[in-house]
Amino acid sequence: MTDQLTAGPAVSAGPAPASAPPSASTPSRAARDGRRARDGRKWLEIALFAGPALIVFITFVILPVVLAGVYSFYNWNGLGPLERFVGIDNYVRAFTDPLFLGAIGNNVTIVIASVLIQGPIAIAIALLLNRKLPGRSFIRALIFVPYVLAEVIAGLSWKLLLSPRGGVNALLEAIGLGELTQPWLANPDIALWVMFGILSWKYLGFAILLMLAGLQGVPEELHEAAAIDGANWWQIQTRITLPLLAPTIRIWIFLSMIGSLQLFDMVWVTTKGGPVGATNTMAVYLIQYGQGQYGYGSAIAVILFVISLVVALLYQRFAMRRDLAGAVTSGVR
Amino acid sequence: MTTTLPTTHTEAARSGTARGAAPARRRRPVDWSAPGVYLVALLVVTASVAPVAYVWIGGFRTTPDINADPAGWPNPWSFESYLTVLTSTRFWGSVFSSSLVGLGTTLGVVILGVMAAFVIARYSFRGRGVIYALFAAGLMFPLTVAALPLSVLLRDLGLQGSFLGLIIPQVAFALPTTIIILVPFLRAIPAELEEAAVIDGATRIGFFWRILLPLSSPGLVTVGVLAFIGSWNAYLLPLLVLAAGGMPQELWTLPLGVQQFSTQYSADTGAVLAYTSLSMLPALAFFLAAEKRIVGGLTGAVKG
């Protein structure tokens, strides 16, 4: 019987309107009367159900991030007591190391290039493919293949293809463009753009799929109505489809930016940041210099975190407030 | 690396079927007169698949053959590299490790995630908003930031170099996505069902087990698939926990194992190509089997 009584509040705690965040539910009348008797059991249930997830999450996600903040003010090799407090020395060292500044620059370049180059290509391809094509789902599955592969495996494949005696150079020679052959990833002048090319190969399919999914939310009736009113294909796309696709585009930009800022696996397996730092990223620098120098590495981690957070919050504040209603969201891992 | 954004409940609930439902809505007749579209599709598909095909086909060539002409066709087809890899213990050891870690992560995150999401979605209590916000904020905490302190923590807990030391943090980092997808799912289940269950004498926990879990299985599958793929493809954490923690190489997960193999046997290009392509196979097979779920999850994610 107590069990049934306990279940009382649930009825009123049922689904809230779609737009209401979880915190916005109203206190229920049923919950208020005779509360004391049931509260013990209710809180026990809450603790048993949410407790394990909270403990694991706080211990292995929140705590390490907080610890990174603490370590960043120490000179610590990871062993022994944490006692050599050095203030902001680690941060000063980071911001005066040209290699790290170069890494930030590379991250920024990839963020901007992703948004300005991958975005329009993905949108254009999605608009073209957004029609009833025979074999459409097959095409879609194949486009998605690179995204499914582990970044490490994709990276290793490209490393083989782009090596001086690899498939790309051999292909160029075979079609008579021998003078274009390159040590692609070993040429510091172009390595970052080659890296960007690999990343585009890996993530363009994801972008196209995301845009196609967004396009499914654009009502066909609008196209028909516009066509009846005499609009041509181009007008329909730019005046109707693109504006309606904007929320999807904004979310893709967000994911792409955060993913680019945290880029690690692909660079680590292909170039380890080389040649001479040409493809270095903040995360690669962090792992390269952080193992053994936990204080300095943690300072790099904090800088990476703050940059990502500021970008995310500014972007949400100014570009996505209508889409997400302020929820904090993240990138691709 | 898939990420998902908060969704409204109807859309999340629909996400599993959104892909299938949309074409039925379209009334436009089949457009056969679009060779240009097919040309673009062909180009994109070729660009997507050709590098993968190169690796696959290259695995059928001998190393001297590849060195003589890196872009040639297998002549004759040689199965030696593939056989070498398929009969090696390290390949199967890696497959075993990746499967074990992937399943452990998936089970852990689905169980912990659905329990926490249940409380957040269907209990009203003070602090609920805080718990939800905490998990949502977790999406902003990338693994890279936590990586170094996490490896110290695992060392102190004696978990460094063990599978458990990999599974538990992966579960922790997958929880935010999981909970944010599941909460709207669980809220979307009508209150009437819960009232009916209560009238029939079910406890709240009984309602959770007998009604909520079965009804939310599409959502559970989606988050499970996302967690499994994330774990299967993970590199940084295995690098810090297994490789730096002293796990024997034969039991490294696939991304670590394939990276190690390609460094160790870099002279034997044929074997590296074969190892790489065989490492792709499980992910591709899994993707084809779960394509609807993955795409469905994305669709749900975007429409939010």
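Which are the buried residues of helix 8 of chain A? They are Glu151(A), Val152(A), Ile153(A), Ala154(A), Gly155(A), Leu156(A), Ser157(A), Trp158(A), Lys159(A), Leu160(A), Leu161(A) and Leu162(A), where buried stands for 20 or more other C-beta atoms within 10 Å of a residue's own, exposed for 12 or fewer, and partly exposed for values in between, with C-beta atoms placed from the backbone.

Before the views, a word on reading them. This is a predicted model, in which local features need pLDDT of at least 70, side-chain atom pairs count only at pLDDT 80 or more, and totals for chains, interfaces and linings use all residues. Residues are numbered from 1 along each chain as its sequence is written, while chains are lettered from A and ligands numbered from 1 in the order in which they are written.

**View 1. Chain A and chain B, seen through their helices.** Chain A has 16 helices and zero strands, and chain B has 14 helices and zero strands; helices (H or I, at least four residues) and strands (E, at least two) are DSSP runs, numbered from the N terminus. In chain A, 44% of the 333 residues count as buried. In chain B, 54% of the 304 residues do. Two residues are in contact if their C-beta atoms, placed from the backbone, lie within 7 Å. Among contacts between residues at least 6 apart in sequence, 67% in chain A join residues at least 24 apart, and in chain B the share is 80%.

**View 2. Helix 8 of chain A and its surroundings.** Helix 8 covers residues 151-162 of chain A, and its 12 residues should span 16 Å at 1.5 Å a residue; the expected span is 1.5 Å times one less than the number of residues. Its end C-alpha atoms are 16 Å apart, which agrees. Because 12 of its 12 residues are buried, helix 8 of chain A is largely enclosed by the rest of the structure.

**View 3. Leu162(A) and its contacts.** Leu162(A) belongs to helix 8 of chain A and counts as buried because it has 22 C-beta neighbours inside 10 Å. Leaving aside neighbours within four places in sequence, Leu162(A) touches Val168(A), Trp184(A), Leu185(A) and Val194(A) in the contact sense. Val194(A) is 32 residues from Leu162(A) in sequence, yet their C-alpha atoms are 9.2 Å apart.

**View 4. Two positive phi values in one loop.** Lys272(A) sits in the loop between helix 13 (265-270) and helix 14 (282-290) of chain A, and Val276(A) is found in the loop between helix 13 and helix 14 too. Lys272(A) is not a glycine, but its phi is positive, about 55°. Val276(A), also a residue other than glycine, has a positive phi near 40°. Lys272(A) is partly exposed because it has 13 C-beta neighbours inside 10 Å, whereas Val276(A), with 11, is exposed.

**View 5. Helix 5 and helix 8 of chain B.** Helix 5 (residues 89-122) and helix 8 (residues 163-187) of chain B pack at an angle of about 40°, with their axes 6 Å apart. Axes here are lines fitted to C-alpha atoms, for helices over the stretch in contact, and angles run from 0 to 180 degrees between N-to-C directions. The two helices of chain B are therefore oblique to each other: angles under 35 degrees count as roughly parallel, over 145 as roughly antiparallel, 65 to 115 as roughly perpendicular and the rest as oblique.
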